[in-house]
Amino acid sequence: MWRLIATRLAAFVPTILATSLVLFITVNVVPGSAAKAALGIDATAQAIARFEHEQGLDRPLHVQYLDWLGKGLRGDFGTSFQNHLAVGPELVMRLPVTLELATLAFLIANVIAVPLGALAAYHHQRRADRIISVIATILGAVPSFWLATVLILILALTVKVLPAGGYAPFTEDPLKNLSLLIMPALSLGVVSSALLLRIMRAKLIEVLSSDYIHTAMAKGAAPNVVIRRHALRNALITFLTVGAVEFGWLFGGVVIIEDIFLLPGVGQLVLVGIINRDYPVLLASALTVTVVVLAANMLVDLIAAILDPRQVHVRSRA
Amino acid sequence: MTALSVLGLLPRTATITTGDIRLSGTSLLGLSRAQLRAIRGQHIAMIPQNPMSALNPVLRVGVQVGEPYVLHRQATWRAALQQAIRRLADVHLPFPDERAREYPHQFSGGMQQRSMTAMAIALEPPLLVADEPTTALDVTIQAQILRLLREIRDEHHTSILFITHDLAVVAEMCDWVYVMYAGRILEQGSVERIFARPGHPYTQALLRATPTTETAQAELLSIPGSIPSPVDLPRGCRFVDRCQYRFDHCNEEPPLLAVETDHTARCWLLETVHG
Ligand code: SF4
């Protein structure tokens with residue numbers, strides 16, 4: 001069990017390092033000048049050169065990378081080119097917002113996907129299955145920003161039951177916090193539930209045709225017992241392993257959703273960083289998003305492993 | 001398929017078109033799903049071909065062996081686990097109370113099949129359906145499982161419907177034999193009579209193709225041809241394509257004809273012999 005966690009953790013570190021390198025290169029290769037963005041389009045060549053020298057942008061790329069990485073490891077992510085605020089503390093402030101949003105969205109996605117997927121699998125190739133498949137296709141085709149707009153239009157502007165945007169920390173006002181986060185979480189969660197639903201359905205269909213399900217039925221177990229006791233956990237194990245990978249997709253939507261709902265999260269910072277070519281901000285926030293995705297991945301993966309006795313209980317005496 | 005149909009577990013797409021399935025005089029075909037469920041596990045239980053895949057990988061062995069008590073006797077899980085441990089001891093699993101807490105992947109193939117047997121005899125059903133229960137096991141383990149099944153038959157007074165293609169196992173295990181081919185019973189009779197005087201050309205060929213200590217050195221005989229596909233069965237006798245004795249009459253399906261007392265075979269040759 002502990003070995004399991006340790007091996008996953010050991011794989012975590014090199015992954016983060018590799019991602020940081022890819023991120024750094026991408027940001028620097030993309031055309032556009034940080035200096036121009038910071039100083040304005042009519043900045044003189046001299047001013048630009050001075051800015052680049054001050055920020056160390058005239059150094060070779062590998063030196064810049066190692067410098068950034070070294071400082072980053074000590075928690076120093078530099079200061080913004082734009083507002084000259086330290087990036088690190090800014091991130092620490094914004095991270096809980098994004099984490100809460102992603103967790104809520106993932107929960108919503110699973111609450112939709114698992115029961116509906118199970119229902120579809122149980123009624124495989126019958127009417128309920130077809131109806132659910134159509135629903136899944138529609139959900140999967142809807143872009144989350146569109147769903148977000150529709151939700152705001154209906155729930156915030158027409159019916160006026162929920163605020164359209166903004167943020168309040170959970171610790172200060174839990175109710176307000178939830179009322180502000182429910183729409184963004186729905187727009188992300190509902191859309192990603194489509195894919196999870198299909199995975200759940202496929203996995204359960206697979207499990208339901210296996211020998212141990214026949215064994216359970218031969219014992220005289222009723223269908224609901226067969227599903228609950230014998231099939232669901234087996235299906236969940238493979239579902240989560242695949243689902244963990246798909247979690248990254250869900251996160252891709254965070255950037256836009258945070259912007260739409262005016263949530264001061266990390267995603268918003270990514271967007272600001274891109275628009276302003278604010279390298280320190282962009283690099284640090286994008287890296288944070290990556291770390292969160294990887295950590296969530298690892299967590300889901302670990303839950304799947306814990307559900308599976310074949311991974312937790314190693315083979316004992318023959 | 002035979003075993004699955006006896007348990008009423010055929011896939012939705014399959015239906016039983018002719019014949020009947022009777023257990024101690026009651027037809028199983030007319031029963032509702034709930035009535036069938038009451039019979040499964042209580043009156044009929046199954047010992048599978050591949051114990052590894054027949055055990056649920058995420059449930060402890062004790063839970064799986066004890067489950068019939070929960071399903072049919074409304075036992076608590078605690079009581080069911082106690083019963084499971086008793087049954088695991090019945091099938092001579094060493095350290096049953098420790099083993100009950102382990103998972104199937106921690107067991108060897110023989111131990112897995114012992115557990116499946118413990119599960120099957122949990123509620124002492126009058127009928128066990130053993131579907132090639134030893135094909136997935138090593139030879140030495142096979143012998144142990146066969147010994148166990150004989151012991152269960154004698155001690156628990158259980159009938160065993162034993163499905164196998166291994167004639168040595170038939171000779172060792174069975175009292176009454178049905179020889180099946182392409183979905184038909186071709187011959188039936190007591191094990192002694194069938195081995196002493198096989199009435200059907202298929203049975204005769206099978207016996208010739210089985211190595212014995214005398215013939216072990218010689219080349220193994222096999223029956224030429226292959227089993228007809230179920231969607232393209234021959235007209236008349238099912239064995240007609242591969243039978244060396246076939247004659248005009250064989251394009252009509254023969255009934256079961258007497259070979260001797262309590263021994264019949266589905267072959268026209270017997271009609272010629274007797275009348
Ligand atoms: S009925 Fe004819 S074909 Fe069939 S086994 Fe007898 S002799 Fe052979």
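This is a predicted model: local features need pLDDT of at least 70, side-chain atom pairs count only at pLDDT 80 or more; totals for chains, interfaces and linings use all residues.
Let me begin with B:V70, which lies in helix α4 (residues 61-73) of chain B. Helices here are DSSP runs of H or I with at least four residues, strands are runs of E with at least two, and both are numbered from the N terminus. Residues are numbered from 1 along each chain as its sequence is written, chains are lettered from A and ligands numbered from 1 in the order in which they are written, and side-chain values use heavy atoms, with hydrogens and water left out.

To return to B:V70: is this residue buried or exposed? B:V70 counts as buried because its relative accessibility is 17%. The term buried means under 20% relative accessible area, exposed means over 50%, and partly exposed covers what is in between, with a 1.4 Å probe and protein chains only. Not counting residues up to four places away in sequence, B:V70 touches B:A75, B:T76, B:W77 and B:A80; a contact means heavy atoms within 4.5 Å. For B:V70 and B:A80, which are 10 residues apart along the chain, the C-alpha atoms are separated by 6.4 Å.

Most residues other than glycine have a negative phi. B:Q74, although not a glycine, has a positive phi of about 50°. B:Q74 belongs to the loop between α4 and α5 (77-90) of chain B, and it counts as exposed because its relative accessibility is 64%. B:H92 is also not a glycine, and its phi is positive, at about 60°. This histidine is found in the loop between α5 and α6 (96-99) of chain B. B:H92 is partly exposed, since its relative accessible area is 43%.

I now turn to the ligand.

B:G236 is placed in the loop between α11 (201-208) and β8 (257-260) of chain B. This glycine is buried because its relative accessible area is 15%. The C-alpha atoms of B:G236 and B:L71, 165 residues apart along the chain, are separated by 46 Å.

As a whole, chain B has 12 helices and 9 strands. Of its 275 residues, 47% are buried. Among contacts in chain B between residues at least 6 apart in sequence, 56% join residues at least 24 apart.

Chain A, by contrast in its elements, comes to 14 helices and 0 strands. Its C-alpha trace spans about 85 × 60 × 35 Å along the principal axes. Of the 318 residues of chain A, 45% count as buried. Residues 24 or more positions apart account for 74% of the chain A contacts with a separation of 6 or more.

Two residues illustrate this chain. A:N110 is found in helix α5 (residues 87-122) of chain A and counts as buried because its relative accessibility is 15%. Leaving aside neighbours within four places in sequence, A:N110 is in contact with A:P115, A:L196 and A:F239. A:L186 is found in helix α8 (residues 174-208) of chain A, and it is partly exposed because its relative accessible area is 26%. Not counting residues up to four places away in sequence, A:L186 touches A:I108, A:L147, A:L151 and A:V191. The C-alpha atoms of A:L186 and A:S144, 42 residues apart along the chain, are separated by 8.9 Å.

I close with the aromatic rings. Ring pairs link A:F24, A:Y65 and A:W68 into a cluster; rings of Phe, Tyr and Trp (its six-membered ring) pair if their centres lie within 6.5 Å. Over all chains, the count by this rule comes to 8 aromatic pairs.

Note on methods
Rings of Phe, Tyr and Trp (its six-membered ring) pair if their centres lie within 6.5 Å; planes under 30 degrees apart count as stacked, over 60 as edge-to-face and the rest as tilted.
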